[in-house]
Amino acid sequence: MPERGARLLVVDDNKVNRLLLARSLELQGHTAALAENGRVALERLRREPFDLLLLDIEMPEMDGIQVLEELKSDRQLRDLPVIVTSAIEGLDNVVRCIELGAEDYLHKPVNPVLLKARIGASLEKKRLRDQQKELVRRFATREVAEDMDASGFALGGHRVQATAMFSDIRGFTSMAEQQPPEATIELLNTYYTLMFDAISGRGGVVNQMVGDGLMAIFGAPLPLADPGAAAVQAALDMIELIDLYNREPDRAGKPPLAIGIGIASGSVIAGYTGTQQRATYTCVGDAVNLAARLEAHTKVVGHAILTDAATRLAVGERCRAEALGAATFKGKAGPVECYAIVPGQKL
Amino acid sequence: MTTAIDAARFAELQATAGADFVVELIDTFLHEAPGLLAELRAARAAGDADGYRRAAHSLKSNANTFGATALGAQAREIELAGLGEPAADAARITALEAEYARAALALGELRDA
């Protein structure tokens, strides 16, 4: 039961109120710590972890409104659920608390049954939020998770210089048809694990996975000094990891896994798209489209890694590449110079 | 004269918080309330509108916890009115103190019952 055994901080300047609220919480199986005003409460919140805050409004030194304002601007404490418990008069005060991020408002004297329900709901919401954060951490790198956290999952974007990468498995559809579904899922999981390691190892961020394909961004949300080189190095690592995987004993007799990678650099719009409930970090722009086209083109030209001219220029002499000449892509007005990165080298 | 404590509200408090705990809570209130009344008077004398409202607010909140309905209503009136004409405020505080004495007596009896 998630609402059992939570740690709550009760903030109230009045001793009778503090004792009564603490008693209610303890009867519900929670632990309650007490603070007699907002300043003391903030000190405690910054010192030790709490699951929920029960906050009075009318208090000397620092009142509940000021506490809510402080919490809102504090990155560490912003997500702490707050239930306001007050006998304050006037609907505008209630509205103000909710606007400042309070989860709920209970009028004093607090009905213990109502209190229990609200605490249960708040803790459940916090659990879901923590779970969402955990998911973000799992599916994005620490940098993205922190960036999302810092920006409060703010939707909207900014223009950045970045490198986009697309990758997918050659002949995946026929491979999937020839083996049981469990084997396909296992293969995909191994593939993704390897690709994630290679990409995040070079500072990139995987932001999309569809079937056997993935999209990664280098240089956003956090700037990278040399996003083009990072992406090319990640691509070389990916090819190397796939080679190692193919040579594993339990892969013997099975068709080798092969991937194609397209890389392009340029100015892109990066940001979170979606809704507050479900958002994903993404990039849009010419470089993104071009990287996708280059990835598809790897099949045509029979090379594993293709880049555009901008990426080729960015890596320069550090990397051996073969100029394949210009190709015409759907959605591109003019021909595009393509470069095949020679596998098995380090930048 | 009506009773100072609403029996139903008080019984509800005992049922939800436990009778033993309510004894402790009454002691705390009887210990704290005279200070709040003194704060109210002092705030009135100093013309401290915030302190005045806050003391009345606290008394209201505590009174309602125990079912001291009349005390709660008087404290609420003072909270909502805020600082006013000194003589009228003083009369209100005097009436509040009288009601508190009545509620304290009743709570003391309930505690020892």
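Student: Among contacts in chain A between residues at least 6 apart in sequence, what share joins residues at least 24 apart?
Tutor: The share is 68%, where a contact means that C-beta atoms, placed from the backbone, lie within 7 Å. The model is predicted, so local features need pLDDT of at least 70 and side-chain atom pairs pLDDT 80 or more, whereas totals for chains, interfaces and linings use all residues. Residues are numbered from 1 along each chain as its sequence is written, with chains lettered from A and ligands numbered from 1 in the order in which they are written.

Student: What strand order does the open sheet of chain A have?
Tutor: The order is β2-β1-β3-β4-β5 (chain A), with parallel pairing. Strands are DSSP runs of E with at least two residues, and helices are runs of H or I with at least four, numbered from the N terminus; strands pair if DSSP finds at least two bridges between them.

Student: Changing topic, how many residues of chain B are in contact with chain A?
Tutor: There are 17, meeting 15 residues of chain A.

Student: Which element gives the largest share of that side of chain B?
Tutor: That element is α3(B), with eight residues.

How values were computed. Contact = placed C-beta atoms within 7 Å.
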